[in-house]
Amino acid sequence: MKHWTITMFVAALAAVTGAAQSLDDLNIQIHGYATQGFVYTTSNNWNSMNSSDGSPAWTEAVFNVTAQPEPKLRVGTQVRYFLMGSEFGNAITLDWASGDYKVNDKFGVRFGKVKTPNGLFNDIQDIDTAFLWSLLPQGNYPITSRTSILAHYGGVVYGKLPLGKQAGKLEYQLYFGERVLPAGDGFFVPIIEGGAEMPNGLTGPTSGGTLRWYTPLNGLLLGVAWDREDLTGKFEVPGVFNGENIDAPFKIPYFFGKYENSKWMFASEYSRVPADHKTMVTSDIIPQAPPVGTILHNVIDHRTWYAMTSYKLTEKFTAGIYYSSYFDVKAPRVTYLDSTNYPHYWYNRFQKDWALSARYDVNQYIYVKGEQHFIDGMNFGFLDADNNSLSPTSKQTILKIGVNF
Amino acid sequence: MKRLLIGFLTITVALAYAAHAQAQVIVIANPGVKAAEISKGDLKDIFTGAATSLPDGARVVPILLKAGTVHEEFLKAYIGKNDTTYRAGWRSLVFSGQASMPKSLDNDAAVVEFVAHNSGAIGYISSSSPHEGVKVLAVK
């Protein structure tokens, strides 16, 4: 799928450049943005940063080129430099590279490496300049897994259907293709901390869709989405056994709503990830290892939701608040006690977060943000490897400056 | 009574000023665009990237002013956003691969020139600016 989509993208690019008579005909646009964050946490270090002393190790820069030689066809690509702490990113990756043929408002198709349009914000969650928030609710949009869930290799079929003056419009986006979760993805951090490895990450088919109803009430949007992930990969416990991940497909539903007018914005979203992570032992290294053919189960049932609101106080200043909640109802209450009898995984079952945020737009190119989080639980970003002992609660302060063009 | 009268006059002047300010902006289109009028909703959809065609199916291309009073008034009257928020919305589309940024031109004369010579182009200018070679769309 990866090779096929890249071939399609190159073919579209060739068609575009061939059709154009001059560079002007290509309507080439170049855009980009860069952000620099500073993070301070009161107790736990966050995402491999030395954040309890204050850390500036959060940098992003994006470069985007698009061409539109004729109204129905557009091609483009975007690359990103992402640095978070010592463990995440510090590399340039391909965000997306796609061709887009829009027949009309009711039907279009995008192909290549494309943003995955599920949930309320998934396909724009990386665009810092679009949000008041420095950090979106982590249960729904975990930042260290962003690259993996943001885009896939394949296509999107999309369109917007008018339902009549009294009923608004219905937007559909259906996607299919292949998802790649590289070995360094944040999803694997708990596995690695537990002593196992997934050397090649997970790869497999993905499909799903989102329906957005733009209701007759101006500014009110209601939506549902469905995502299916059928991922496989190697699972190893070094020195014990090697195995193969044979998960049944994840089926993830989303429900969301958003209301926006010139001053106010309200949004909320709920999603659930029920799954049985299955690993089949394929070879034993020591006699005490589970016999070859044994299937190990790790059942999860993540429930995540958030509610947020913001208000534009002046033309340049916006403030807001959100509450987010993540809870794994299947996680054991206490997996192990450490040497001080501290029940580590009790607080790994959930994370609740109150966030207060403010943004000041200096002009249309430069903005600054400030955000304060009050976090109960430690499921997202608080790693054993970064902390001598983890505290069940944290306060997190984020300052950010961004530029875009 | 005097206070009431002053209050009434103040509101009347404010409403007259608001009506006058909104009336300063007109929406223009390439003469090839068949429609004679456009709804506020359709205008908003086209200028926010939510739609690329009119209800009759004709493809249109929004043209913006870079800055200025007319631009601010257009955004306030028809989009309901200020310039920063408005352009942030477009950036979401651009950085997620869903659209290209609309062309932004320096002044009314440049908008008229571009709209007059490009099929499907639709823009906005001050009603006091010359606009030969384009058609004016009534906003309903």
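View 1. Contact requires that the C-beta atoms of two residues, placed from the backbone, lie within 7 Å. Helices (H or I, at least four residues) and strands (E, at least two) are DSSP runs, numbered from the N terminus. Residues are numbered from 1 along each chain as its sequence is written, and chains are lettered from A and ligands numbered from 1 in the order in which they are written. Because the model is predicted, local features need pLDDT of at least 70 and side-chain atom pairs count only at pLDDT 80 or more, whereas totals for chains, interfaces and linings use all residues.

**View 2. The six-stranded sheet of chain B.** The strands form an open sheet with mixed pairing, in the order β2-β6-β1-β5-β3-β4 (chain B). At the edges stand β2 and β4 (103-105) of chain B; each has a single partner strand, so one side of each is left without a neighbour in the sheet. Two strands are taken to pair if DSSP finds at least two bridges between them.

**View 3. Strand β1(B) and its two partners.** Strand β1 (residues 25-29) of chain B is largely enclosed by the rest of the structure, because five of its five residues are buried. A residue is buried if 20 or more other C-beta atoms lie within 10 Å of its own, exposed if 12 or fewer, and partly exposed in between, with C-beta atoms placed from the backbone. V25(B), V27(B) and A29(B) point one way from the strand, while I26(B) and I28(B) point the other way. Five bridges pair β1(B) with strand β5 (residues 121-126) of chain B in the antiparallel sense, and V27(B) stands opposite Y124(B) in β5(B). Strand β6 (residues 135-139) of chain B also runs antiparallel to β1(B), joined to it by three bridges; here A29(B) is opposite K135(B).

**View 4. The buried face of helix α3(B).** Helix α3 (residues 69-79) of chain B has V70(B), F74(B), L75(B) and Y78(B) buried. Seen down the axis of α3(B), the buried residues fall within an arc of 135 degrees, so they line one face of the helix. This arc is that of the directions from the helix axis to the C-beta atoms. The buried residues of α3(B) pack against β1, α2 (40-47), β3 (61-65), α4 (83-95), α5 (108-117) and β5 of chain B. After the helix comes G80(B), with a positive phi near 80 degrees.

**View 5. Helix α2(B) and its covering elements.** Buried residues in α2(B) are L43(B), D45(B), I46(B) and F47(B). Their cover includes β1, β2 (37-38), β3, α3, β5 and β6 of chain B. G49(B) follows α2(B) and has a positive phi, near 85 degrees.

**View 6. Two loop residues of chain A with positive phi.** Most residues other than glycine have a negative phi. N27(A), which is not a glycine, has a positive phi of about 50 degrees; its position is the loop between α1 (2-19) and β1 (29-41) of chain A. N27(A) is partly exposed, with 16 other C-beta atoms within 10 Å. N47(A), also a residue other than glycine, has a positive phi near 45 degrees and is found in the loop between β1 and β2 (55-70) of chain A. N47(A) counts as buried, with 25 C-beta neighbours inside 10 Å.

**View 7. The side of chain B that touches chain A.** Contacts link 21 residues of chain B with 32 residues of chain A. On the chain B side, α4(B) supplies the largest share, eight residues. By class, this side has six nonpolar, ten polar and five charged residues. Ala, Val, Leu, Ile, Met, Phe, Trp, Tyr, Cys and Pro count as nonpolar, Asp, Glu, Lys and Arg as charged, and the others, Gly among them, as polar. Chain A itself has three helices and 18 strands.
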